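Please keep the sequence and the 3D view at hand while reading.

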Amino acid sequence: DAMREPALACLKDMLRTHSGRFGAFTEHVLLRLLAAAHACAPSREVAASVEEALELLLSISDPHRCIAVLVPVLVNEPPPTLQLAIRLQSKLVGRFSQLQLLSILPQLLPPLFEAFKNAHADVRKAVVFCLVDMYLVLGEQLTPHLATLSTAQLKLVTIYINKTTKARADRLDAPHI
């Protein structure tokens, strides 16, 4: 951990200041950071630093390339890497247009639905938030794609969609001081 923290600080600085240099290596860096997150799971500080580096990488990278890396991770990795990959995918969803997101739903949803059956509650919670983020982009266009969810799963997703859309509406209606 003593070497990881300064290395991650250096990587984050490079991502901020030399983002163009990472284009050719997006997939490789993303996979290495996911592996680092798994390796340093016991250390909260290092894990948070890895997650921050991952978020920086995603913010400067082509979302299609990042999704192409994350989908197999959702299929193949156990928690906590699975949960992290779902959270990262959730962050990427908002960067797609409705048409783009609709076109990749057949790739995204099956691994998410499988993760929704995971024994770990945190994984299932991450899936719900990811589906809510998809709904925020697609609106009711997402609903037919959720037909394979169980009644309980669909009810849970609907509750969180309603909470999120109400909270957004309340923020928009709030007087600006």
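Helix 4 (63-76) and helix 5 (residues 81-93) pack at an angle of about 155°, their axes being 9 Å apart. Axes here are lines fitted to C-alpha atoms, for helices over the stretch in contact, and angles run from 0 to 180 degrees between N-to-C directions. Helix 4 and helix 5 are therefore roughly antiparallel, a term for angles over 145 degrees, while angles under 35 count as roughly parallel. Their crossing is left-handed, meaning that the near helix is turned anticlockwise from the far one by less than a right angle. Pro63, Cys66, Ile67, Leu70, Val71, Val73 and Leu74 of helix 4 touch Thr81, Leu82, Ala85, Ile86, Leu88, Gln89 and Leu92 of helix 5, where contact means heavy atoms within 4.5 Å. By class, this contact has twelve nonpolar, two polar and no charged residues.

The model is predicted: local features need pLDDT of at least 70, side-chain atom pairs count only at pLDDT 80 or more, and totals for chains, interfaces and linings use all residues. Residues are numbered from 1 along each chain as its sequence is written, and side-chain values use heavy atoms, with hydrogens and water left out. Helices are DSSP runs (H or I, at least four residues), numbered from the N terminus.

How much of helix 5 is buried? Eleven of the 13 residues of helix 5 are buried, that is, under 20% relative accessible area with a 1.4 Å probe and protein chains only. Among them are Leu84, Ser90 and Val93. The cover over the buried residues of helix 5 includes helix 2 (26-39), helix 3, helix 4, helix 6 (98-115) and helix 7 (121-138).

A second pair is helix 1 (residues 4-17) and helix 3 (residues 44-60), packed at an angle of about 15° with axes 10 Å apart. That makes helix 1 roughly parallel to helix 3. This crossing is also left-handed. Arg4, Glu5, Leu8, Leu11, Lys12, Leu15 and Arg16 in helix 1 meet residues of helix 3 including Val46, Glu52, Leu56 and Ile60. The contact of helix 1 with helix 3 has nine nonpolar, one polar and five charged residues.

Between helix 1 and helix 2 runs a loop that holds Phe25. Phe25 is partly exposed, at 48% relative accessible area, a class lying between buried and exposed (over 50%). From Phe25 to Pro80, 55 residues apart along the chain, the C-alpha separation is 24 Å.

Key:
Helices (H or I, at least four residues) and strands (E, at least two) are DSSP runs, numbered from the N terminus. Angles under 35 degrees count as roughly parallel, over 145 as roughly antiparallel, 65 to 115 as roughly perpendicular and the rest as oblique. Ala, Val, Leu, Ile, Met, Phe, Trp, Tyr, Cys and Pro count as nonpolar, Asp, Glu, Lys and Arg as charged, and the others, Gly among them, as polar. The expected span of a helix is 1.5 Å times one less than its number of residues.
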